[in-house]
Amino acid sequence: MNTCKATLRVLFAHRVYLMIYLVFIGILMMSISWAMLTSASGSMSAVFESTKTRVAIIDRDSDRGDIATSMRAYLRDSSELVDLDDTSETLQQAVASNWVDLIVIIPDGFADDYVAAAADGDNPPNVDTVTSYASGSGSMARMNVGGFLSLTRTALIGAQTRVDQAALAGMMNDTGGAAGFDGASLDQDMLDSLPEGQVDKPDIKDLSQAAKMAAESASDTDVNHQIAVVDTPTEESASAADTAVSGFGGTMKTALYPLSLAMTICGSMILGAFTTGEVRRRLTASPRRMVLMGLQRLLTLGGFALVVCVGYLVLSIGLMMAAGLDPLHLSVGGVLMTFGATCVYALMTVACGFMLSEFGLSEEAANGFANIFGLLIMFTSGVALPIDMMPGVMVTIAKFLPGWWYCTAIDNALGFGTAAETGISVAGWSGSLGLVALFGVMFICIGLAAGRFRRSRPALAAPATTQLAE
């Protein structure tokens, strides 16, 4: 009992390391998990909400032919119209500051040029556009502007086209389709044999009517069908369960980094404090066995690591509830296996700290090793980078580290990630967890060998004492 109390006193004497590596790093990893949880819960919305682009229309043609008014009406449903002053400074600032996604400039004389091009059969003039550099929404809005102008031209030419009715009736009689013609048998040969029509010269009034017809088509549900969201409770429930599983598993995976740092460093310094200098000499001279006291210190640190795992489990479930995810979607067995994997991993980090203490590393060396080893584990385990983005060499290296098998154990416990196709697998979970435990056994064996080697050479175990000559 005295050994356990002394271990805890030394542990809390290093509260600065606990605050930095366990609390602060834990908060950082929890923040990353919170961002993932909120984004996942937000993606579960069953209501389609279209994002409107910000469009500014600059009319320099005094709304001739109702082009500007009809264009605003056409774009109102899909875009947010922004009013801007027609000054060079305002337009430049709007583009540079990303106030709008698209600026449409109707030049002076546009309506007259449009009518003339329709009468002569030439290509219609174009409006000037300035697209935002920040997103592709402006390009999509520019396509809508082009669609409005195309519809306007079609309506304008179609309204002014005249066909000789006698010639059309004669053609239909010759083909025998006048009685039951329904358009189904209209092929390219029949189109080529249609009598040529004549396009009357349009005017500004005709352009105004065509522009209004194009604007009305935007709100015509027969032309532009509304998007319908079909509510399927079974799929929605499955999606909610998958989101809850991935959110909980991803949060528990992030525990590997703070646990690796805190328990490795604290274990190294705490266990090392009992094996160096005068403390080691007093313990050696005591009637109690060194092996029993060392085992008690390891059990104390292991118990503290398990308490940390319980706290991380509670925080993970609390984050899920705060993000709007239902923990009841998780299976009890999956949660218990995930918690068990975290506990085994935490004990493995304690074993790593024991190994460092037996090597007699200084505080700076232990910090350096723990940080490098912790970063290596995090970036190769799939927590920091998706596994499908990791190169093959990186995946090969990851399989020689405990972080990969810890994450694989959680995947098999919950049936997601690398185990998405196979589902929950107790065999896969136990196999991965066994490899994590073997890493801990390996660290303890290496530490025992290093400690025995140092104790067999007193010069390495303790600094040489200086004797003064009388």
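The model is a predicted one, in which local features need pLDDT of at least 70, side-chain atom pairs count only at pLDDT 80 or more, and totals for chains, interfaces and linings use all residues. Residues are numbered from 1 along each chain as its sequence is written, and side-chain values use heavy atoms, with hydrogens and water left out.

H14 covers residues 332-359, a run of 28 residues. From its first C-alpha to its last it reaches 41 Å, close to the 40 Å expected at 1.5 Å a residue; the expected span is 1.5 Å times one less than the number of residues. Of the 28 residues of H14, 20 are buried, so the helix is largely enclosed by the rest of the structure. Buried means under 20% relative accessible area, exposed over 50%, and partly exposed in between (1.4 Å probe, protein chains only).

## The chain as a whole

The chain contains 19 helices and six strands. Both are DSSP runs numbered from the N terminus: helices are H or I with at least four residues, and strands are E with at least two. Of the 470 residues of the chain, 39% count as buried.

## Helices H3 and H9

Helix H3 (residues 67-75) and helix H9 (residues 204-218) have axes that come within 8 Å and cross at roughly 10 degrees. H3 is therefore roughly parallel to H9, a term for angles under 35 degrees. Axes are lines fitted to C-alpha atoms, for helices over the stretch in contact, and angles run from 0 to 180 degrees between N-to-C directions.

On the H3 side, Ile67, Ser70, Ala73 and Tyr74 meet residues of H9 that include Leu207, Ala211 and Lys212. Contact means heavy atoms within 4.5 Å.

## Aromatic residues

Five aromatic pairs are found in a search of the whole structure. Rings of Phe, Tyr and Trp (its six-membered ring) pair if their centres lie within 6.5 Å; planes under 30 degrees apart count as stacked, over 60 as edge-to-face and the rest as tilted.

Phe369 and Phe373 are four residues apart in helix H15 (residues 363-380), about one helical turn. Phe369 is partly exposed at 32% relative accessibility, whereas Phe373 is buried at 15%. Together with Phe443, Phe369 and Phe373 form one aromatic cluster.

Technical notes:
Angles under 35 degrees count as roughly parallel, over 145 as roughly antiparallel, 65 to 115 as roughly perpendicular and the rest as oblique.
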